[in-house]
Structure formats: structure tokens, C-alpha cells
Amino acid sequence: MSLLEIKNLHVNVGGNEILKGVNLTVDAGQVHSIMGPNGSGKSTLAQVLARRENYNVTDGEVLFNGKDLLAMKAEDAACEGLFLAFQYPVEIPGVSNAYFLRSALNAVRKYRGQDEMDAMDFLPKLREKMKLLEMDEKFLNRSVNEAFSGGEKKRNEILQMAVLEPKLGILDETDSGLDIDALRIVASGVNAMRSPDRAFLVVTHYQRLLHYIVPDRVHVLVDGRIVRSGGPELALQLEETGYATVGSAAGAV
Amino acid sequence: MGAGNVASATQTQSLETYAEGFSGLEKDAVGRELPWLRKLRQDGFDRFNAVGFPTLRDEDWRFTSLAAIVQTPFRLARNGHGLPTAKQMEPFRMAGAACTLVFVDGRFAPALSSLGKLPRGVAVSSLASELAKNPAAVEAHLGRYLNFQRDPFCALNTAFIEDGAYIHIAKSVVAEAPIHLLYVSTPHDFPAVSHPRNLIVAEENSQATIVEDYVSLGGAALCNTVTELVAAEHSVVSHYMIEREDAQAFNISTLRIQLGRAADVASHSVLMGAALVRNNVHPVLAGEGGECLINGLFVGGDRQHLDNYMLVEHASPRCGSRQFYNGILAGRAHGVFHGRIIVHKDAQKTDAKQTNRNLLLSDTAQIDTKPQLEIYADDVKCTHGATIGQIEEDALFYLRSRGIDQASARRLLLMAFANECLDRMKDGPARTHVESLIQSYVAEVTGIAANQASPAAAGEVK
């Protein structure tokens with residue numbers, strides 16, 4: 001059984017069909033990348049998988065770990081082990097990062113029938129993960145993402161992922177707005193989490209991130225359809241020739 | 001025309017009830033042998049009698065209808081009524097208080113109070129007993145700061161000055177633990193009014209925290225309270241006003257703060273209870289370099305009406321004032337924030353800031369917010385801003401995408417909003433007290449189960 005199976009997914013947003021029959025299978029242990037030009041539907045796919053409301057699925061199905069993902073609420077998908085690293089992480093004034101992280105972890109643990117963690121047990125674990133992402137302790141007591149720089153926000157996303165230890169991590173343009181140092185830190189955070197029972201879906205416009213997080217498969221999404229799939233070399237090719245040469249939707253795999 | 005006649009007839013009737021109360025009081029009032037006090041009361045009553053209750057036509061009251069107060073024949077709750085039991089008062093206690101003074105319908109109740117062990121130089125008693133024992137100390141301050149010409153309720157309170165809290169912090173004394181003043185309205189077989197009058201004097205270089213806490217045990221009640229707080233040179237005072245009476249109660253409160261040179265005063269108002277609340281906070285920065293924080297949170301549901309009237313007067317150079325009021329309104333609740341800043345001619349280098357943020361949780365909840373800046377000096381910095389919004393869908397989704405269920409996510413965001421106010425309070429028993437009250441009330445108003453944990457930044461990592 002594959003970890004994620006997307007079959008003929010059609011999605012409508014505000015009357016416009018954005019995804020026009022996406023098929024994609026991701027097995028545990030793999031890293032897949034979705035590449036594509038702006039407006040091709042990459043972020044829509046990520047948001048639908050994370051169960052954002054207001055995205056109208058008109059056809060198709062998605063199985064996550066064998067379960068019907070499209071029947072899940074956002075919080076249930078998260079508890080089942082799906083994690084979306086946001087392209088634009090949301091600022092939440094008044095909620096400290098440490099409290100937020102522990103609340104999220106405990107929500108997930110509770111769902112899985114595990115005991116909740118108190119602050120004493122949680123903090124050492126959190127500090128260890130922060131070290132990996134070269135994050136200063138001051139982020140713990142600061143409000144979630146408030147007044148964080150772009151790079152700090154993205155690192156904070158990866159920190160959340162590291163704490164929640166999902167089965168599937170979806171990175172939605174995590175590389176956008178990152179300088180090369182921050183990109184390396186984020187990538188090493190992701191690479192440290194790679195394991196045989198975990199998969200990643202890396203959504204990106206550029207090849208650069210894939211230089212650090214080397215994917216097993218690359219898919220090109222154009223106008224709501226995956227028009228080509230291949231190995232990591234496909235990303236390099238795209239970087240040189242651009243999306244225009246990939247061909248029309250007619251060449252879908 | 002017809003409606004106007006009815007209104008004024010009711011108004012006249014209502015004024016007569018107060019006149020009866022006043023003539024009754026004059027016969028045996030505390031301190032009636034003191035000419036200055038008699039005059040103060042008489043002046044207060046004359047003023048009230050001349051102007052009556054404010055109406056919607058009054059600019060300062062245009063968002064708040066007082067019909068329910070005017071039409072109810074409130075009588076003075078004064079003599080011979082039984083006290084509540086200690087057990088009844090138990091749930092209202094505050095952990096970590098230096099002492100608790102209980103006022104039943106405005107009268108000091110020694111049997112229910114606990115004076116504890118106060119530091120040397122901290123005098124806490126009732127205004128009535130202080131008037132009997134040491135009238136000169138009271139005369140030096142009482143009524144000297146409040147301008148009852150401005151507000152008929154203040155005039156009415158002044159007419160009925162008898163009892164309330166008297167607190168005196170001597171020079172350079174630090175009263176560390178908070179002084180808890182607990183005002184309870186009790187049920188009567190008539191609608192009852194009380195007029196607590198409090199005098200707080202913090203002498204030079206002293207420090208204190210005072211918590212005024214208004215609660216009720218049922219019955220129609222109007223509590224019309226006035227506090228004069230004198231913060232002398234270099235004093236540091238935190239004042240809390242907590243309103244948590246039940247839905248039959250009306251509460252009109254005025255906090256008049258006089259700040260001396262380099263005094264630092266924080267006023268924290270937390271309004272959660274009563275059918276109608278009018279919260280007047282009026283600091284005057286009268287000495288150079290004074291700092292005043294005016295911090296507030298109002299949370300309303302059902303048909304509650306919570307009106308905040310801020311009047312911040314800068315009367316000296318180089319003073320700072322920061323107003324932050326957050327409102328959470330659900331159901332058909334109506335909130336008002338009126339933030340007036342007056343910078344007098346000589347108050348150069350004034351730094352005044354005002355922010356009012358509101359969350360409306362229903363289509364029927366309402367907020368009126370009105371800044372009003374009057375600046376007569378030319379070298380000042382004044383900013384104001386107001387926002388009205390709902391819980392942000394983006395934030396809600398973000399939390400849910402991390403596994404936190406919808407109800408918990410909503411509660412977390414509301415408490416985060418409330419925490420903006422809590423975070424401006426110093427750590428200590430007063431803040432802890434207020435925090436737990438807010439948590440349970442936010443949960444009640446929004447129909448979300450309470451949770452003991454707090455998302456406050458300070459709470460998590462030590």
C-alpha cells in the first residue's frame with residue numbers, strides 16, 4: 001500500500017477548475033517533487049491535501065495511508081500524520097511558539113492514544129530539534145511567527161514538522177524567499193528526518209532546493225495536470241530549458 | 001414630543017427617589033458634623049439634581065442608553081440588611097492577597113474582611129472609620145481631584161459619600177502583595193443602589209497594587225462607584241478594576257487618577273459581568289515625567305452593554321500615556337470604547353498612544369469606537385488606532401493543520417487576544433487572579449470548554 005494515492009483529482013476554487021485530474025502515488029521512504037510554473041495548481045494541491053476548506057473537490061479520490069483523506073478535517077489529517085509546511089506561515093500574536101508546539105504535539109498524541117507531554121518532558125526534546133535548525137531559544141517565548149524574518153518563519157515550519165514527526169511532509173515553496181544559508185539549514189532539517197517510513201512532497205518553482213533535498217521522483221504540473229514525471233535529472237533539465245519546453249497537457253504521464 | 005414627556009416624567013420620578021435617599025442620609029450620615037463633608041455632599045446632590053441622568057444626546061453618552069437605570073426606582077441600600085455568609089463570599093476570594101476588605105452594598109463589613117498582616121506604613125481601612133478617626137487626612141484629598149461637574153454619576157456618588165475603602169501607603173513604603181477590595185451587591189426586596197467611595201493615597205516613592213473586584217449575589221443592583229487615586233512623586237501603583245457581577249446588575253465606575261512627578265501608574269480594567277457597565281478612567285498627568293498605562297479587556301455576551309470612557313489628560317511636560325483596550329463581543333453584546341486624550345498647552349514632549357482592538361464573534365454583536373484627540377501643545381507625539389475584526393480564518397486553519405481541533409483553536413486565538421492585555425500586567429497574584437477569571441469567562445461567552453493551560457508567552461518556558 002502506498003502512503004499517498006491521488007487519483008484523478010479535480011478541484012474547483014471560486015468557480016475555476018484549478019486541478020484537472022491529478023494522479024500521483026508516493027510510497028513511504030520516498031521524496032517526490034512537484035515543480036511547475038506559477039498558477040499551475042501546485043499550492044492548491046498542497047492546500048487540498050492539508051484539508052483547507054473552500055476548495056471544492058469535484059472528482060477523484062485521495063487515499064492517505066489507505067484512508068479517505070478527503071473525508072478528513074484539517075486537524076484529523078494532521079493527527080493521521082500529514083504535515084503541510086506553509087508557503088506563507090501565519091503569525092499568531094499572543095500564542096507563544098513553545099505553547100503552540102506543545103499543544104499541537106499533545107493534540108496529535110491524544111489522537112493516537114498516547115499520554116500528553118508536560119512542559120518538563122517536552123522542552124528538552126524541543127531544544128534538541130531547535131539546535132538542528134540553528135534556532136535561538138528566544139523563539140520559544142516569542143509569539144508564533146510574529147516579527148519573524150522570512151527565513152525564521154520557514155525554519156519554524158520545519159521545526160514544527162520535526163516535533164510532530166509526520167508520515168508525510170508537504171513543503172509548499174519552502175525555498176521561496178530563503179537565502180542560501182537558510183536554505184541549507186532547512187534542507188538539512190528535512191534530510192535529517194528522511195526515513196524508510198516517512199515521505200516528502202516538495203513543491204517548488206525552482207530546482208535549487210532539490211540540489212539539497214534530492215528527490216526520488218520529479219513531477220511537472222502545468223495547468224492543473226501532471227504533464228511529465230521523471231528522476232532528479234528532470235529538475236535539472238527544467239532549470240535549463242524552462243517549463244515552456246515540457247510540452248502541453250497532452251503529454252501527461 | 002410624547003416620548004420626550006414620558007422620559008422626562010420618569011426622570012423626574014427617578015430623581016425624587018434619590019432626593020428621598022439624600023434627605024434620609026443627611027440625618028445620620030457618617031461625618032455629618034464635618035462642615036466640609038456636608039458641603040461636598042450637598043454640592044454633589046445639587047449638581048445631580050440640576051442635570052439629572054445623561055441622555056443619548058450627551059456626546060459622552062451617545063452610545064449608551066441609561067433607560068434601564070433611569071426607569072428603575074433604585075433605593076439606597078444602607079441599613080439593617082443581613083450580611084452574606086463567609087461561605088457565600090468564599091468563591092470570590094483572591095489567592096495571595098495581602099488583605100481583603102469586603103464591602104456589602106457599599107458598606108465595610110469587618111466580619112467578612114481579613115486584614116492580614118500589613119507592612120508598616122500601609123494603612124487600610126474604611127472611609128467611614130477614617131472619617132470618624134482622622135477626618136483631616138481624608139479632607140486633604142477627598143473630592144479634590146474628581147470633577148463631578150463632568151459627570152452626573154460622579155455628582156450622585158459625591159452626594160452619597162459615606163463608606164468605601166481608604167488606603168494610605170506611607171512615603172517610600174513598598175506594599176508588595178495586592179490589596180483586595182471586594183464589593184458585593186446583595187439581593188434586597190427592592191432594586192438597590194450603592195455608592196462606594198474609595199480614596200487611595202500612595203505617598204512619595206511608595207509602591208502598591210490595589211484590586212477592586214465587583215461581584216454580586218443576585219437581585220437588581222446599581223453600583224455607582226468612584227475611586228480617587230493619588231500617586232505622589234515617584235510612586236508606582238497598579239490598579240485593577242474587575243467587574244464580574246451577574247446579569248441583573250448595573251455598574252458605573254469612575255477611576256480618577258492624579259499622577260505626581262515621575263509617578264508610574266497602571267490601570268487595568270477587566271470587564272466581564274453585569275448587564276450594563278460604564279467604566280470611566282480619568283488619569284491626569286499633573287507632574288513632569290509621569291507614566292500611565294491604561295489597559296483594559298472587555299468581554300461580553302448575550303445582551304451585555306460594556307462602555308469604556310477614557311479621558312487621559314496630559315497637564316505636564318514629558319509624560320507618557322499608553323492606552324490599550326481589547327474587546328471580545330459575542331451574542332448581542334454591545335461594546336463602546338471612547339478614548340479621549342487632552343494635551344494641555346504646557347504639556348510639551350507628550351507621548352500619548354491609544355489602541356483599541358475588537359473581535360466580534362457574531363453578526364449581532366456591536367462595537368462603537370471613538371478616538372478624540374485635543375492637542376493644545378505643539379511638540380507632542382499622539383497616535384491612535386482602532387480595529388474591528390473576526391477570528392482570522394488563516395490563523396484558525398494554521399492551528400488546525402497542526403492537529404488542534406476547531407474549538408480548541410478558537411479558544412486559543414481568543415485567549416491570545418485577551419493575553420495582549422494580560423501581558424501588560426506584572427506577574428503576581430493579581431494577574432493570576434484576573435487570568436483565571438478571564439479564561440473561564442471567555443469560555444462561557446463563546447461556548448467553548450475552558451482549559452487550565454494558558455497560551456501566554458510567559459507561562460511556558462521558565
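Among contacts in chain B between residues at least 6 apart in sequence, what percentage join residues at least 24 apart? The share is 82%, where two residues are in contact if their C-beta atoms, placed from the backbone, lie within 7 Å. This is a predicted model, in which local features need pLDDT of at least 70 and side-chain atom pairs count only at pLDDT 80 or more, while totals for chains, interfaces and linings use all residues. Residues are numbered from 1 along each chain as its sequence is written, and chains are lettered from A and ligands numbered from 1 in the order in which they are written.

**View 1. Chain B as a whole.** Chain B contains eleven helices and 21 strands, these being DSSP runs numbered from the N terminus (H or I over at least four residues for helices, E over at least two for strands). With a radius of gyration of 21 Å, close to the 23 Å that the globule rule gives for 462 residues, chain B is as compact as a globular protein of that length; the radius is taken over C-alpha atoms, and the rule is 2.2 Å times the number of residues to the power 0.38. Along the principal axes, the C-alpha atoms of chain B fill a box of roughly 70 × 55 × 50 Å.

**View 2. Helix H1 of chain A.** Helix H1 (residues 42-49) of chain A is mostly covered, with seven of its eight residues buried, a residue being buried if 20 or more other C-beta atoms, placed from the backbone, lie within 10 Å of its own. Among the buried residues of H1(A) are Lys42(A), Leu45(A) and Val48(A). Just after H1(A), Arg51(A) takes a positive phi of about 70°.

**View 3. Helices H3 and H4 of chain A.** Two packed helices are described by the angle between their axes and the distance between the axes. The axes of H3(A) and H4(A) come within 11 Å and cross at roughly 105°, the axes being lines fitted to C-alpha atoms over the stretch in contact, with angles from 0 to 180 degrees between N-to-C directions. That makes H3(A) roughly perpendicular to H4(A), a word used for angles of 65 to 115 degrees. Here Ala98(A), Leu101(A), Arg102(A) and Leu105(A) in H3(A) meet Ala119(A), Phe122(A) and Leu126(A) in H4(A).

**View 4. The contact of chain A with chain B.** This contact takes 29 residues from chain A and 20 residues from chain B. On the side of chain A that touches chain B, H3(A) gives the largest share, seven residues.

Definitions and conventions. Parallel < 35°, antiparallel > 145°, perpendicular 65-115°, else oblique. Buried ≥ 20, exposed ≤ 12 C-beta atoms within 10 Å, placed from the backbone.
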